[in-house]
Amino acid sequence: MYAFDFVKPATLADAVTALGQDGAMPLSGGQTLLPTMKQRLNSPETLVSLTGITDLKGVRREGDALVIGAATTHAEVARDAAGDYPGLAALAGQIGDPAVRSRGTLGGSIANNDPSACYPAAVLGSGATIITNMREISAGDFFQGMFATALEEGEIITAIRFPIPERSAYAKFHQPASRFALTGAFVAQYAGGVHVAITGASESGVFRWSEAEAALSGNFSPDALNGLSVPAKGMIGDLHGTPEYRAHLAGVMTRRAVAAAS
Amino acid sequence: MPKDGIGASTKRREDIRFLTGNGRYTDDINLRGQAYVHFLRSEVAHGRIRSIDTSAASAMPGVIRIFTAEDFGHAGGLPCGWLVTDRFGEPMQEPKHPILAEGKVRHVGDPICGIVAETLEQARDAAEAIELDIEELPAVVDMRKALEDNSVKVHDDLTSNLCYDWGFVEENKEAVNAAFAEAAHVVSVELTNNRLCANPMEARVAIGDYDPWNEQHTLYTTSQNPHVIRLLMGAFVLSLPEHKLRIVAPDVGGGFGSKIYHYAEEAFCTHVAKVLRQPVKWTSTRSEAFISDAHARDHVSKVELALDKDHNFLAIRSTTLANMGAYLSTFAPSVPTWLHGTLMAGPYKTPLVYVNVKAVFTNTVAVDAYRGAGRPEATFQLERIIDKAARELGVDGVELRRKNFIKPEQFPYQTPVAVEYDSGNFHATMDKMLELSNYANLDKRVEESRKKGKLRGFGISQYIEACGIAPSHLVGQLGARAGLYETATVRVNATGSISVLTGCHSHGQGHETSFPQIVADMIGIDASQIDIVHGDTATTPMGMGTYGSRSMAVGGSALVKATNKIIDKAKKIAAHLLEASEADIELKDGKFSVAGTDKSVDWAGVTLAAYVPHNYPLESLEPGLEETAFYDPNNFTFPSGCYGCEIEVDPDTGKVEIMAFTAADDFGVVINPMIVEGQVHGGLAQGIGQALTENCVYDENGQLLTGSFMDYTMPRADDLPVFKVDHSCFTPCTHNPLGAKGCGEAGAIGAPPAVVNAVIDALHRAGHTHVQHINMPVTPARVWAAMNSK
Ligand SMILES: Cc1cc2nc3c(=O)[nH]c(=O)nc-3n(C[C@H](O)[C@H](O)[C@H](O)COP(=O)(O)OP(=O)(O)OC[C@H]3O[C@@H](n4cnc5c(N)ncnc54)[C@H](O)[C@@H]3O)c2cc1C
């Protein structure tokens, strides 16, 4: 690790100011950022911790939506979203291990947009809105491929607004070593139709499987997916699975998510 | 009998300190004024070093000095401890293994410079400022390509990348070929034994210290065998006399073989501490461990089995390419040869065996022994080919094995591959495994799984292995450059407590608990009266350390010998005290008595007399009570057993789940059943890890793709079932005083073929009969691909 300065502001305004300096980076749970710093792959001059800002934390209901602060940990989401949005809470409860869940945060995960991460599937699959200190961004516009997002320099995610579906579920197939999603499917049924978001599989990051959405909107059952498949082209191939395998898993996991959705 | 004697499941006394975070590992040691070492390692797999400019880096804050190969011009290379002679009678090719890269880098992770600075971060900063000019050369990773005539050479001064071409038993080769030519059935399979990283929980650490006033070097290191390190590094690398070199290996957090070897970082820290007159410390990061700890296995084999019309095994023929990596690690050449070929008869009475092994240099990390070392490779070949034979012949695998087993009454049994098995009962362990796993009801369980949409299968593996590698004169003839005896000193204190000084080293095996049980049992005193001292060449007699499941069979036997000497002398003292004849003295429950009388003296009375010899036969007996014994075994020990693995495959994803695993082992006499069970659990976890998850993968340019736990899959608790472990079917070892055989590696040896056989069984039962074999690790992706290949 290189030497760096550390600040822990108590307000969003102070955080924004601190992030205005050259070489400053936001730090949330640190579960992604700190390992890269230890390996000297990242060298911020100042780390601006977001976890001391009360406004960025917590799960609250706002009408038909659940608004979750960016600095809310996975463990808190697993606990506090369970009543209103059990599909989302269950997803959070499957991220990493207890240590990761009690440190890692929703905002950090979304900002990082790891192609194998779980949360992007729920955010995209819920048609959620990403709220920053500057604006509101729809999920569809936010994710822009592997590790790429619509965030601008110095922009901080403050919260995510998740419309609550009638039913939803996440089915995750582990990459055996990291236990991130080798392929994961998030399925959510809304009055206006069904959303299916697939993570872990595609070279362009999380994506919506529109064919499946159309089929499920007419008939929300695993059988509705018969005959449908995700093309292998554009899927990730690595030592844990070929593009064909991931494409196949997208179908299997979607089916399982539909079966599990309650 | 004392409550903690032989056979008692005494709880491990060392666990209290380990589980409460109070172990003292090498990294817990910090010496006054110590500096920190960071190694600049090669990022390319193969390259010529054009220049190294350390001038800017040397001027950076906190930098004490930067060392390169030039600073080790006086030192020898890291020695190889085993010389293999090839099938033409020629010695293997043995390249130099420098401490720091000389002229060329040969694998990712090859150390080039050692930077010493006041802090670790300063050393890392300086490493980034070193100007390296390396001409990248094409790398050779694939063993077959490495053996092609026009291949790039890892070592320019060798004739090729072939280390040796070994044949065993060379004289049998023609007879084996003839047997195949005439056989009614021939079965063959090509398989790989996947490359592994040991990944002990504690990564390696080395701290060098030098006392100029006594010209005394001390190396604190994470080693399984401190005396071996002292001998190799002192005599062959740094030319330091042993009385000026002390090696301390304190608590060591797992080794599994990877901490047997003498590593460059140890020699570096020892030497540099003297140059700088300052202690220096190096602690490996996990990332560094992946590219600098010896790797394991990495064999590509073809094995063939010839059978007669009645399905008797006629001959085995096996050809293997064994990856040595870029350099020869300490015992690397012995693993695919003497630790592998000698086990290729297995528990079967196959009369003819021929094993050919070509060891190959590649631009990868050196490969050496790892839990099982050679025997897992042999067992995997045998148990896979027999499983395949049973399928092809349409016979029951259990019956095919039984028919060909060496029978209990045939021991001692001379195999066609040099070794003589002293004991065993393969029928008994097989029957026990079948009983405990409820094999008889398997079909019902398969049907229940089928109803749930899962494919269930059962795999069997019957292994025999060789532990306690010995005797020294034989292994010397086979090329070992070390003796393989073990030693123990029993130091009885004046008031009767005992310190046992052993040349073995405990790094998870529980010696601190099990060794005292032997002495307690023999003398009849409480085990709490006895402590083990190990891991420091300054305090323990010269022993060979712990690997190859040798500690109990060899070290424990040395301890029995030394304790017998103590008892003999103590009886003489007791006879004097009791004014009786020595022949009439009996020792029972820690008390010496005169047979047929009520005259007695207790243990502490005798030990006190030995050190306060007021009433003592000084004219015929020295005072004191301390004895040392060296024990060099007559033969290997041969643990054996039968494993059954029951799995379910999820046909949608290819994921394998282990539903049950049963191990029926013959370890001979067991000292502490609970510890033995724990050793089996650990071995099974590693064997299942190899079979299902672990894989060390390089790309074609020699970059390690599995350089962290994000990609290298260690088995986790939820990958494993609750094991059923039994060791009731034991046949005592006939040639050591304990009757013990060794249990540390069995799980890792026997488990992999049981798992793979189970997966193949599940697929065949479900009609996927085109799947003949799946290479380890049997990952979900591979199973799914195999099921869907046509
Ligand atoms: C062992 C392990 C297992 C894991 N398993 C999983 C898994 O199964 N599934 C999964 O999805 N993830 C997994 N993760 C990742 C984990 O969920 C991380 O917590 C998450 O990806 C990053 O969140 P964080 O709060 O730790 O972010 P940090 O590491 O603090 O930050 C990550 C990045 O986001 C930026 N950032 C942080 N917060 C904000 C913000 N509010 N606005 C703008 N930018 C911000 C940071 O500057 C940094 O670049 C795992 C991690 C580990 C270590």
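These notebook entries record what I looked up in a predicted model with chains A and B.

**Ground rules.** Because the model is predicted, I take local features only at pLDDT of at least 70 and side-chain atom pairs only at pLDDT 80 or more, while totals for chains, interfaces and linings use all residues, and side-chain values use heavy atoms, with hydrogens and water left out. Residues are numbered from 1 along each chain as its sequence is written, and chains are lettered from A in the order in which they are written.

**Cavities.** A cavity here is a set of points on a 1 Å grid over the protein atoms alone where a 1.4 Å probe fits but cannot get out, and its lining residues have an atom within 4 Å of a point; grid points are joined across faces, edges and corners, and the volume is the space filled by probe spheres set on the points. The largest cavity has a volume of about 250 Å³ and a lining of 23 residues, with Leu78(B), His97(B), Tyr263(B), Ala264(B) and Ser292(B) nearest its centre. I sorted that lining by class and noted 13 nonpolar, 7 polar and 3 charged residues, where Ala, Val, Leu, Ile, Met, Phe, Trp, Tyr, Cys and Pro count as nonpolar, Asp, Glu, Lys and Arg as charged, and the others, Gly among them, as polar.

The second largest cavity holds about 60 Å³, and its lining divides into 2 nonpolar, 5 polar and 5 charged residues. Among the lining residues I noted Arg17(B), Asp251(B), His507(B) and Glu512(B).

**A salt bridge at that lining.** Arg17(B) and Asp251(B), both in the lining of the second largest cavity, form a salt bridge whose closest N and O atoms are 2.6 Å apart; the term requires a side-chain nitrogen of Lys or Arg within 4 Å of a carboxyl oxygen of Asp or Glu. This pair links distant parts of the chain, 234 residues apart, with Arg17(B) in helix α1 (residues 15-19) and Asp251(B) in the loop between β11 (245-248) and α7 (264-276) of chain B. Helices (H or I, at least four residues) and strands (E, at least two) are DSSP runs, numbered from the N terminus.

**The interface.** Turning to the two chains, I see 22 residues of chain B in contact with 22 residues of chain A, contact being heavy atoms within 4.5 Å. The chains bury about 1800 Å² between them, 50% of it on carbon and sulfur atoms, and this is the accessible area (1.4 Å probe) lost on putting the two parts together, summed over both. In chain B, Thr653(B), Met710(B) and Trp784(B) lose the most area to chain A, together 27% of what that side buries.

I count 7 salt bridges between chain B and chain A, and the side chains of Arg256(A) and Asp652(B) meet in a salt bridge at 3.2 Å, N to O. On the side of chain B that touches chain A, α3 (120-129) and α19 (780-787) each give two or more residues, and the largest share, 4 residues, comes from α3(B). That side divides into 7 nonpolar, 4 polar and 11 charged residues.

**Backbone.** Lastly, I noted a cis peptide bond between Phe168(B) and Val169(B), with omega about 0°, and another between Met776(B) and Pro777(B), with omega about -5°. Pro777(B) sits in the loop between α18 (746-765) and α19 of chain B.

Notes:
1 Å grid on protein atoms, 1.4 Å probe; cavity = no way out; pocket = protein on both sides within 12 Å on 5 of 7 lines; lining within 4 Å.
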